[in-house]
Amino acid sequence: MKSVSDYQTICVMGLGYIGLPTASLLATKGFSVTGVDVSQKVVDTINKGEIHIVEPDLDILVKSAVHSGNLSASLEPVEADVFIIAVPTPFKDGGPDHISGKKPDLSYIEAATKKISPFIKPGNLVILESTSPVGTTDEVVAEILKQDGHSIGEDIYIAHCPERVLPGRILIELVENDRVVGGINESSTDVAVEFYERFVRGEVLPTTAKTAEMVKLTENSSRDVQIAFANELSMICEGEIINTWEVIALANRHPRVNILNPGPGVGGHCIAVDPWFIVDRSPECSNLIRTAREVNDAKPEWVIERVRKCADKFKNPVIACLGLAFKADVDDLRESPAFDIVKKLKALNLGELLVCEPNLKEHDDFKLCTMDEAIKKADIVLLLVDHKKFKGFKAVELNEKILIDTRGVIR
Ligand code: SAJ
(Lines give C-alpha, C1' and ligand atoms only; values in the text may rest on other atoms or scores of the structure.)
Protein backbone atom coordinates (compact mmCIF):
# COMPACT_ATOMS: atom_id res chain seq x y z
CA MET A 1 0.00 0.00 0.00
CA LYS A 2 1.17 3.53 -0.80
CA SER A 3 2.07 5.92 2.01
CA VAL A 4 0.94 9.56 1.95
CA SER A 5 4.29 10.81 0.65
CA ASP A 6 3.79 8.62 -2.42
CA TYR A 7 0.32 10.01 -3.19
CA GLN A 8 0.53 11.43 -6.69
CA THR A 9 -2.91 11.24 -8.30
CA ILE A 10 -6.01 13.10 -7.20
CA CYS A 11 -9.63 13.02 -8.31
CA VAL A 12 -11.69 16.10 -7.36
CA MET A 13 -15.47 15.71 -7.48
CA GLY A 14 -17.17 19.02 -8.33
CA LEU A 15 -15.48 21.89 -10.17
CA GLY A 16 -17.18 24.90 -8.59
CA TYR A 17 -15.91 27.67 -6.34
CA ILE A 18 -14.01 25.22 -4.13
CA GLY A 19 -13.28 22.21 -6.35
CA LEU A 20 -11.77 24.10 -9.28
CA PRO A 21 -9.35 26.29 -7.27
CA THR A 22 -8.35 23.23 -5.19
CA ALA A 23 -7.82 21.04 -8.26
CA SER A 24 -5.74 23.66 -10.06
CA LEU A 25 -3.68 24.47 -6.97
CA LEU A 26 -2.86 20.78 -6.47
CA ALA A 27 -1.97 20.46 -10.19
CA THR A 28 0.47 23.35 -9.96
CA LYS A 29 2.02 21.69 -6.89
CA GLY A 30 2.92 18.70 -9.09
CA PHE A 31 -0.01 16.32 -8.42
CA SER A 32 -1.73 14.74 -11.38
CA VAL A 33 -5.35 15.87 -11.02
CA THR A 34 -8.60 14.84 -12.68
CA GLY A 35 -11.48 17.19 -11.98
CA VAL A 36 -14.95 15.74 -12.37
CA ASP A 37 -18.14 17.69 -12.99
CA VAL A 38 -21.68 16.80 -14.07
CA SER A 39 -21.75 19.62 -16.63
CA GLN A 40 -20.29 18.92 -20.09
CA LYS A 41 -19.98 22.69 -20.61
CA VAL A 42 -17.85 23.08 -17.46
CA VAL A 43 -15.65 20.12 -18.46
CA ASP A 44 -15.11 21.52 -21.99
CA THR A 45 -14.37 25.02 -20.67
CA ILE A 46 -11.73 23.79 -18.23
CA ASN A 47 -10.11 21.46 -20.75
CA LYS A 48 -9.62 24.55 -22.96
CA GLY A 49 -7.74 26.14 -20.05
CA GLU A 50 -10.61 28.55 -19.40
CA ILE A 51 -12.91 29.10 -16.39
CA HIS A 52 -16.65 29.35 -15.81
CA ILE A 53 -16.59 31.26 -12.49
CA VAL A 54 -15.14 34.59 -11.48
CA GLU A 55 -12.35 34.67 -8.91
CA PRO A 56 -9.18 36.78 -8.91
CA ASP A 57 -6.24 35.04 -10.63
CA LEU A 58 -8.09 31.72 -11.05
CA ASP A 59 -7.97 32.08 -14.86
CA ILE A 60 -4.15 32.22 -14.81
CA LEU A 61 -3.88 29.26 -12.42
CA VAL A 62 -6.27 27.03 -14.39
CA LYS A 63 -4.59 27.92 -17.68
CA SER A 64 -1.16 26.99 -16.40
CA ALA A 65 -2.45 23.82 -14.65
CA VAL A 66 -4.18 22.58 -17.82
CA HIS A 67 -1.25 23.50 -20.09
CA SER A 68 1.22 21.72 -17.79
CA GLY A 69 -0.75 18.51 -18.40
CA ASN A 70 -1.38 18.07 -14.65
CA LEU A 71 -5.06 19.06 -14.73
CA SER A 72 -7.81 17.67 -16.92
CA ALA A 73 -11.58 17.67 -16.50
CA SER A 74 -13.96 14.80 -17.12
CA LEU A 75 -17.56 13.71 -16.62
CA GLU A 76 -16.40 10.48 -14.99
CA PRO A 77 -14.02 9.76 -12.08
CA VAL A 78 -10.76 7.85 -12.49
CA GLU A 79 -8.62 5.74 -10.14
CA ALA A 80 -6.57 7.98 -7.85
CA ASP A 81 -4.67 8.02 -4.54
CA VAL A 82 -6.87 10.76 -3.08
CA PHE A 83 -10.54 11.60 -3.76
CA ILE A 84 -11.78 15.06 -2.76
CA ILE A 85 -15.53 15.69 -2.70
CA ALA A 86 -16.33 19.38 -3.17
CA VAL A 87 -19.96 19.41 -4.29
CA PRO A 88 -22.75 21.75 -3.13
CA THR A 89 -24.94 21.13 -0.08
CA PRO A 90 -28.01 23.29 -0.74
CA PHE A 91 -31.45 23.14 0.87
CA LYS A 92 -34.16 20.74 -0.08
CA ASP A 93 -37.02 22.32 -2.02
CA GLY A 94 -39.79 23.84 0.04
CA GLY A 95 -39.88 26.61 2.61
CA PRO A 96 -38.56 26.46 6.17
CA ASP A 97 -40.20 23.94 8.44
CA HIS A 98 -41.58 25.79 11.51
CA ILE A 99 -39.69 23.48 13.89
CA SER A 100 -36.43 22.53 12.25
CA GLY A 101 -35.97 25.28 9.65
CA LYS A 102 -34.67 24.54 6.16
CA LYS A 103 -33.51 20.99 5.42
CA PRO A 104 -30.09 20.18 3.93
CA ASP A 105 -30.00 18.35 0.61
CA LEU A 106 -27.21 15.75 0.74
CA SER A 107 -28.01 14.19 -2.63
CA TYR A 108 -24.92 15.69 -4.32
CA ILE A 109 -22.63 14.19 -1.66
CA GLU A 110 -24.41 10.84 -1.95
CA ALA A 111 -24.15 10.86 -5.76
CA ALA A 112 -20.44 11.82 -5.72
CA THR A 113 -19.64 9.10 -3.17
CA LYS A 114 -21.47 6.45 -5.20
CA LYS A 115 -19.68 7.59 -8.34
CA ILE A 116 -16.16 7.27 -6.89
CA SER A 117 -16.86 4.00 -5.06
CA PRO A 118 -15.95 1.65 -7.98
CA PHE A 119 -12.59 3.45 -8.38
CA ILE A 120 -11.49 3.24 -4.72
CA LYS A 121 -8.65 0.86 -3.79
CA PRO A 122 -6.90 -0.05 -0.52
CA GLY A 123 -4.60 2.75 0.64
CA ASN A 124 -6.79 5.54 -0.80
CA LEU A 125 -7.84 8.65 1.09
CA VAL A 126 -11.37 10.06 0.64
CA ILE A 127 -11.91 13.64 1.80
CA LEU A 128 -15.21 15.45 2.15
CA GLU A 129 -14.66 19.22 1.79
CA SER A 130 -18.31 20.20 1.23
CA THR A 131 -19.89 22.01 4.18
CA SER A 132 -22.00 19.30 5.79
CA PRO A 133 -24.39 18.70 8.68
CA VAL A 134 -22.77 16.98 11.66
CA GLY A 135 -22.51 13.23 11.03
CA THR A 136 -22.36 13.32 7.23
CA THR A 137 -18.80 11.98 6.86
CA ASP A 138 -19.65 8.91 8.98
CA GLU A 139 -23.32 8.43 8.22
CA VAL A 140 -23.30 9.20 4.49
CA VAL A 141 -19.82 8.94 2.94
CA ALA A 142 -18.36 6.11 5.06
CA GLU A 143 -21.70 4.30 5.17
CA ILE A 144 -22.15 4.28 1.38
CA LEU A 145 -18.59 2.99 0.87
CA LYS A 146 -19.06 0.36 3.59
CA GLN A 147 -22.23 -0.88 1.95
CA ASP A 148 -20.29 -1.16 -1.31
CA GLY A 149 -17.95 -3.64 0.41
CA HIS A 150 -14.95 -1.41 1.13
CA SER A 151 -13.09 -2.06 4.38
CA ILE A 152 -13.48 1.41 5.77
CA GLY A 153 -10.95 2.72 8.27
CA GLU A 154 -8.66 -0.30 7.86
CA ASP A 155 -7.23 0.28 4.43
CA ILE A 156 -9.40 3.14 3.19
CA TYR A 157 -9.09 6.45 4.99
CA ILE A 158 -11.96 8.93 5.22
CA ALA A 159 -11.85 12.47 6.61
CA HIS A 160 -13.69 15.76 6.64
CA CYS A 161 -11.69 18.89 5.90
CA PRO A 162 -14.15 21.75 5.51
CA GLU A 163 -13.29 24.48 3.05
CA ARG A 164 -13.07 27.91 4.72
CA VAL A 165 -11.91 30.23 1.95
CA LEU A 166 -13.45 33.65 1.34
CA PRO A 167 -14.79 34.31 -2.17
CA GLY A 168 -12.56 37.03 -3.64
CA ARG A 169 -9.49 35.69 -1.76
CA ILE A 170 -9.83 31.96 -2.50
CA LEU A 171 -6.37 31.32 -3.93
CA ILE A 172 -4.60 33.11 -1.08
CA GLU A 173 -6.72 31.53 1.67
CA LEU A 174 -6.48 27.98 0.20
CA VAL A 175 -2.80 28.04 1.04
CA GLU A 176 -2.56 30.45 3.97
CA ASN A 177 -5.55 29.47 6.15
CA ASP A 178 -5.25 26.94 8.95
CA ARG A 179 -7.20 23.77 8.13
CA VAL A 180 -9.27 21.60 10.45
CA VAL A 181 -9.01 17.91 9.55
CA GLY A 182 -11.15 15.24 11.19
CA GLY A 183 -10.99 11.57 10.28
CA ILE A 184 -13.56 8.87 10.98
CA ASN A 185 -10.78 7.21 13.03
CA GLU A 186 -7.25 8.06 14.11
CA SER A 187 -5.45 6.60 11.10
CA SER A 188 -7.74 8.54 8.73
CA THR A 189 -6.99 11.77 10.61
CA ASP A 190 -3.23 11.12 10.49
CA VAL A 191 -3.20 10.36 6.77
CA ALA A 192 -5.40 13.35 5.88
CA VAL A 193 -3.33 15.75 8.04
CA GLU A 194 -0.14 14.58 6.31
CA PHE A 195 -1.76 15.07 2.91
CA TYR A 196 -2.85 18.69 3.61
CA GLU A 197 0.56 19.49 5.06
CA ARG A 198 1.99 18.82 1.59
CA PHE A 199 0.37 21.97 0.13
CA VAL A 200 -1.05 24.16 2.94
CA ARG A 201 1.16 26.82 4.62
CA GLY A 202 -1.29 27.40 7.49
CA GLU A 203 -1.42 24.98 10.39
CA VAL A 204 -3.29 21.68 9.85
CA LEU A 205 -5.27 20.94 13.01
CA PRO A 206 -6.33 17.34 13.74
CA THR A 207 -9.68 16.41 15.27
CA THR A 208 -12.60 14.03 14.66
CA ALA A 209 -14.90 14.11 11.62
CA LYS A 210 -17.91 15.20 13.69
CA THR A 211 -15.98 18.01 15.37
CA ALA A 212 -14.63 19.24 12.02
CA GLU A 213 -18.19 19.34 10.66
CA MET A 214 -19.40 21.32 13.68
CA VAL A 215 -16.42 23.71 13.52
CA LYS A 216 -17.30 24.75 9.97
CA LEU A 217 -20.97 25.30 10.79
CA THR A 218 -19.95 27.20 13.92
CA GLU A 219 -17.71 29.58 11.95
CA ASN A 220 -20.45 30.64 9.57
CA SER A 221 -23.19 30.68 12.21
CA SER A 222 -21.05 32.85 14.45
CA ARG A 223 -20.62 35.37 11.63
CA ASP A 224 -24.34 35.23 10.85
CA VAL A 225 -25.27 35.93 14.49
CA GLN A 226 -22.84 38.83 14.63
CA ILE A 227 -24.19 40.34 11.41
CA ALA A 228 -27.76 39.87 12.71
CA PHE A 229 -26.79 41.88 15.80
CA ALA A 230 -25.51 44.70 13.56
CA ASN A 231 -28.61 44.52 11.35
CA GLU A 232 -30.95 44.65 14.34
CA LEU A 233 -28.99 47.57 15.75
CA SER A 234 -29.32 49.46 12.45
CA MET A 235 -33.11 49.15 12.59
CA ILE A 236 -33.20 50.33 16.22
CA CYS A 237 -30.93 53.32 15.45
CA GLU A 238 -32.98 54.26 12.40
CA GLY A 239 -36.07 54.48 14.64
CA GLU A 240 -34.15 56.72 17.05
CA ILE A 241 -32.72 58.86 14.20
CA ILE A 242 -29.17 58.01 15.24
CA ASN A 243 -26.34 57.14 12.82
CA THR A 244 -25.74 53.40 13.29
CA TRP A 245 -22.23 53.49 11.88
CA GLU A 246 -21.21 56.20 14.31
CA VAL A 247 -22.66 54.12 17.18
CA ILE A 248 -20.74 51.04 16.01
CA ALA A 249 -17.49 52.92 15.43
CA LEU A 250 -17.66 54.43 18.93
CA ALA A 251 -18.76 51.19 20.63
CA ASN A 252 -15.92 49.36 18.87
CA ARG A 253 -13.46 51.67 20.64
CA HIS A 254 -14.21 49.58 23.74
CA PRO A 255 -11.39 47.05 24.07
CA ARG A 256 -13.73 44.06 24.19
CA VAL A 257 -16.41 45.07 21.66
CA ASN A 258 -16.18 44.27 17.95
CA ILE A 259 -19.48 44.78 16.12
CA LEU A 260 -19.70 43.88 12.42
CA ASN A 261 -21.36 45.99 9.71
CA PRO A 262 -25.08 46.14 9.00
CA GLY A 263 -26.18 45.79 5.40
CA PRO A 264 -29.24 45.08 3.26
CA GLY A 265 -29.20 41.40 4.34
CA VAL A 266 -26.86 38.43 4.22
CA GLY A 267 -26.12 36.82 0.88
CA GLY A 268 -23.85 34.20 -0.64
CA HIS A 269 -24.15 30.44 -0.52
CA CYS A 270 -22.65 29.81 2.90
CA ILE A 271 -23.52 32.14 5.75
CA ALA A 272 -27.21 32.26 4.85
CA VAL A 273 -27.33 28.46 4.49
CA ASP A 274 -25.05 26.69 6.98
CA PRO A 275 -26.72 27.85 10.24
CA TRP A 276 -29.86 25.96 9.16
CA PHE A 277 -27.81 22.72 9.24
CA ILE A 278 -27.37 23.24 12.97
CA VAL A 279 -31.01 24.24 13.50
CA ASP A 280 -32.19 21.19 11.55
CA ARG A 281 -30.37 18.75 13.85
CA SER A 282 -30.82 20.59 17.14
CA PRO A 283 -34.00 22.69 16.78
CA GLU A 284 -34.73 22.79 20.50
CA CYS A 285 -31.31 24.27 21.42
CA SER A 286 -30.73 26.70 18.56
CA ASN A 287 -33.08 29.64 19.16
CA LEU A 288 -30.36 32.27 18.81
CA ILE A 289 -28.94 30.82 15.59
CA ARG A 290 -32.39 30.50 14.09
CA THR A 291 -33.45 34.01 15.14
CA ALA A 292 -30.27 35.48 13.65
CA ARG A 293 -31.15 33.83 10.33
CA GLU A 294 -34.63 35.27 10.51
CA VAL A 295 -33.36 38.78 11.38
CA ASN A 296 -30.93 38.72 8.44
CA ASP A 297 -33.51 37.27 6.06
CA ALA A 298 -36.00 40.01 7.01
CA LYS A 299 -33.60 42.88 6.33
CA PRO A 300 -34.26 43.20 2.55
CA GLU A 301 -37.99 43.77 3.20
CA TRP A 302 -37.11 46.46 5.75
CA VAL A 303 -34.97 48.23 3.11
CA ILE A 304 -37.78 47.97 0.55
CA GLU A 305 -40.19 49.54 3.06
CA ARG A 306 -37.81 52.47 3.54
CA VAL A 307 -37.61 53.00 -0.22
CA ARG A 308 -41.39 52.81 -0.49
CA LYS A 309 -41.84 55.51 2.16
CA CYS A 310 -39.36 57.81 0.40
CA ALA A 311 -40.86 57.10 -3.03
CA ASP A 312 -44.30 58.15 -1.74
CA LYS A 313 -42.98 61.74 -1.48
CA PHE A 314 -42.57 61.97 -5.29
CA LYS A 315 -44.95 61.70 -8.21
CA ASN A 316 -42.63 59.68 -10.50
CA PRO A 317 -39.48 59.07 -8.51
CA VAL A 318 -36.22 58.07 -10.16
CA ILE A 319 -34.40 55.59 -7.92
CA ALA A 320 -30.68 54.97 -8.42
CA CYS A 321 -29.81 51.45 -7.19
CA LEU A 322 -26.09 51.19 -6.56
CA GLY A 323 -24.89 47.57 -6.55
CA LEU A 324 -26.38 44.16 -7.30
CA ALA A 325 -23.67 41.77 -6.05
CA PHE A 326 -23.97 39.80 -2.80
CA LYS A 327 -21.00 41.63 -1.31
CA ALA A 328 -18.31 44.18 -2.07
CA ASP A 329 -16.05 43.88 -5.11
CA VAL A 330 -17.37 40.60 -6.51
CA ASP A 331 -19.65 40.14 -9.52
CA ASP A 332 -21.59 37.24 -7.97
CA LEU A 333 -25.36 37.90 -7.85
CA ARG A 334 -26.45 34.52 -6.51
CA GLU A 335 -28.35 34.79 -3.20
CA SER A 336 -27.70 38.53 -3.27
CA PRO A 337 -29.94 40.66 -1.04
CA ALA A 338 -29.13 43.69 -3.24
CA PHE A 339 -30.33 41.91 -6.36
CA ASP A 340 -33.38 40.64 -4.53
CA ILE A 341 -34.27 44.18 -3.40
CA VAL A 342 -33.85 45.65 -6.90
CA LYS A 343 -35.98 42.87 -8.45
CA LYS A 344 -38.74 43.49 -5.88
CA LEU A 345 -38.59 47.27 -6.39
CA LYS A 346 -39.06 46.68 -10.11
CA ALA A 347 -42.06 44.42 -9.46
CA LEU A 348 -43.56 47.04 -7.11
CA ASN A 349 -43.24 49.65 -9.86
CA LEU A 350 -42.40 52.41 -7.37
CA GLY A 351 -40.72 54.58 -10.00
CA GLU A 352 -38.00 54.55 -12.65
CA LEU A 353 -35.03 52.38 -11.59
CA LEU A 354 -31.48 53.19 -12.69
CA VAL A 355 -29.26 50.24 -11.88
CA CYS A 356 -25.50 50.39 -11.54
CA GLU A 357 -23.23 47.37 -10.97
CA PRO A 358 -19.66 48.33 -11.86
CA ASN A 359 -18.45 44.69 -11.77
CA LEU A 360 -20.80 43.61 -14.57
CA LYS A 361 -20.81 44.67 -18.20
CA GLU A 362 -24.48 43.84 -18.74
CA HIS A 363 -27.44 42.08 -17.22
CA ASP A 364 -30.43 40.31 -18.80
CA ASP A 365 -33.06 41.90 -16.53
CA PHE A 366 -31.69 45.42 -16.11
CA LYS A 367 -30.08 47.94 -18.40
CA LEU A 368 -26.99 48.97 -16.42
CA CYS A 369 -25.76 52.55 -16.24
CA THR A 370 -22.77 54.29 -14.68
CA MET A 371 -22.78 55.55 -11.11
CA ASP A 372 -22.55 59.21 -12.24
CA GLU A 373 -25.43 58.83 -14.66
CA ALA A 374 -27.63 57.11 -12.05
CA ILE A 375 -26.92 59.66 -9.32
CA LYS A 376 -27.35 62.63 -11.62
CA LYS A 377 -30.87 61.65 -12.63
CA ALA A 378 -32.03 60.20 -9.29
CA ASP A 379 -34.45 61.56 -6.70
CA ILE A 380 -33.55 58.68 -4.37
CA VAL A 381 -30.07 57.12 -4.18
CA LEU A 382 -30.18 53.60 -2.76
CA LEU A 383 -26.71 52.25 -1.97
CA LEU A 384 -26.81 48.45 -1.64
CA VAL A 385 -23.23 47.22 -1.94
CA ASP A 386 -20.03 48.68 -0.49
CA HIS A 387 -18.03 48.35 -3.73
CA LYS A 388 -14.78 50.35 -3.74
CA LYS A 389 -16.13 52.36 -6.69
CA PHE A 390 -19.02 53.71 -4.59
CA LYS A 391 -16.84 54.97 -1.77
CA GLY A 392 -15.62 58.01 -3.70
CA PHE A 393 -18.51 60.42 -3.33
CA LYS A 394 -19.82 62.41 -0.40
CA ALA A 395 -23.36 63.00 0.83
CA VAL A 396 -23.06 66.77 0.19
CA GLU A 397 -22.70 66.04 -3.54
CA LEU A 398 -26.23 64.65 -3.52
CA ASN A 399 -27.84 68.09 -2.90
CA GLU A 400 -31.57 67.60 -2.37
CA LYS A 401 -31.63 63.90 -3.26
CA ILE A 402 -32.69 61.35 -0.66
CA LEU A 403 -29.93 58.93 0.32
CA ILE A 404 -30.62 55.44 1.64
CA ASP A 405 -27.18 54.05 2.41
CA THR A 406 -27.63 50.44 3.59
CA ARG A 407 -23.86 49.94 4.01
CA GLY A 408 -22.84 53.20 5.65
CA VAL A 409 -20.18 54.03 3.07
CA ILE A 410 -21.20 57.58 2.13
CA ARG A 411 -19.91 60.24 4.47
N1 SAJ B 1 -21.88 40.92 5.52
C2 SAJ B 1 -22.50 41.96 6.21
N3 SAJ B 1 -21.81 42.57 7.22
C4 SAJ B 1 -20.54 42.22 7.56
C5 SAJ B 1 -19.92 41.15 6.87
C6 SAJ B 1 -20.62 40.52 5.85
O7 SAJ B 1 -23.65 42.32 5.92
O8 SAJ B 1 -19.98 42.84 8.47
C9 SAJ B 1 -22.62 40.24 4.45
C10 SAJ B 1 -21.95 40.33 3.08
O11 SAJ B 1 -22.25 41.55 2.45
C12 SAJ B 1 -22.52 39.12 2.38
C13 SAJ B 1 -22.65 38.10 3.50
O14 SAJ B 1 -22.61 38.85 4.72
O15 SAJ B 1 -23.81 39.40 1.85
C16 SAJ B 1 -21.55 37.05 3.53
O17 SAJ B 1 -20.30 37.62 3.21
P18 SAJ B 1 -18.92 37.25 3.95
O19 SAJ B 1 -17.85 38.02 3.30
O20 SAJ B 1 -19.08 37.40 5.40
O21 SAJ B 1 -18.77 35.68 3.72
P22 SAJ B 1 -18.80 34.70 2.42
O23 SAJ B 1 -20.17 34.11 2.34
O24 SAJ B 1 -18.25 35.34 1.22
O25 SAJ B 1 -17.76 33.56 2.94
C26 SAJ B 1 -17.98 32.92 4.18
C27 SAJ B 1 -16.67 32.95 5.00
N28 SAJ B 1 -16.93 32.56 6.38
C29 SAJ B 1 -16.51 33.31 7.43
O30 SAJ B 1 -15.94 34.35 7.30
C31 SAJ B 1 -16.77 32.73 8.79
C32 SAJ B 1 -15.62 32.04 4.35
O33 SAJ B 1 -14.45 31.96 5.14
C34 SAJ B 1 -16.21 30.62 4.16
O35 SAJ B 1 -15.28 29.75 3.54
C36 SAJ B 1 -17.42 30.76 3.27
O37 SAJ B 1 -18.39 31.58 3.94
C38 SAJ B 1 -17.96 29.37 2.98
O39 SAJ B 1 -17.70 28.86 1.87
O40 SAJ B 1 -18.54 28.75 3.87
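Predicted model: local features only at pLDDT ≥ 70, side-chain atom pairs only at ≥ 80, totals over all residues.
How many residues of domain 1 are in contact with residues of domain 2?

1. The domain assignment of the protein gives two parts, with domain 1 covering residues 4-207 and domain 2 covering residues 218-405. Their C-alpha centres lie 33 Å apart, and where the domains meet, 21 residues of domain 1 are in contact with 16 residues of domain 2.

2. Between domain 1 and domain 2 an area of about 1600 Å² is buried, and carbon and sulfur atoms give 55% of that area. On the side of domain 1, the residues that lose the most area to domain 2 are Tyr17, Phe91 and Lys102, which together make up 25% of what that side buries.

3. Charged and polar groups also link the domains, for the count between domain 1 and domain 2 is three salt bridges, and five residue pairs are in polar contact, both residues being at pLDDT 80 or more. A salt bridge also joins the side chains of Lys103 and Asp280, with 2.5 Å from N to O.

4. Turning to the sheet, four strands form an open sheet with parallel pairing, in the order β10-β9-β11-β12. Strands β10 (352-356) and β12 (402-405) stand at the edges with a single partner strand each, so one side of each is left without a neighbour in the sheet. From one strand to the next, the twist averages 15°.

5. Within this sheet, strand β9 (residues 318-322) pairs with β10 in the parallel sense over five bridges, and Cys321 stands opposite Val355 in β10.

Definitions and conventions
Residues numbered from 1 in each chain as written. Heavy atoms only, no water. Pairing = 2+ DSSP bridges. Helix = DSSP H or I, 4+ residues; strand = E, 2+ residues; numbered from the N terminus. Axes fitted to C-alpha atoms, helices over the stretch in contact; angles between N-to-C directions. Domains from an automatic or database assignment. Contact = heavy atoms within 4.5 Å. Buried area = accessible area lost by both parts, 1.4 Å probe. Salt bridge = Lys/Arg side-chain N within 4 Å of Asp/Glu carboxyl O. Polar contact = N/O pair within 3.5 Å; in protein donor to acceptor, adjacent residues only side chain to side chain.
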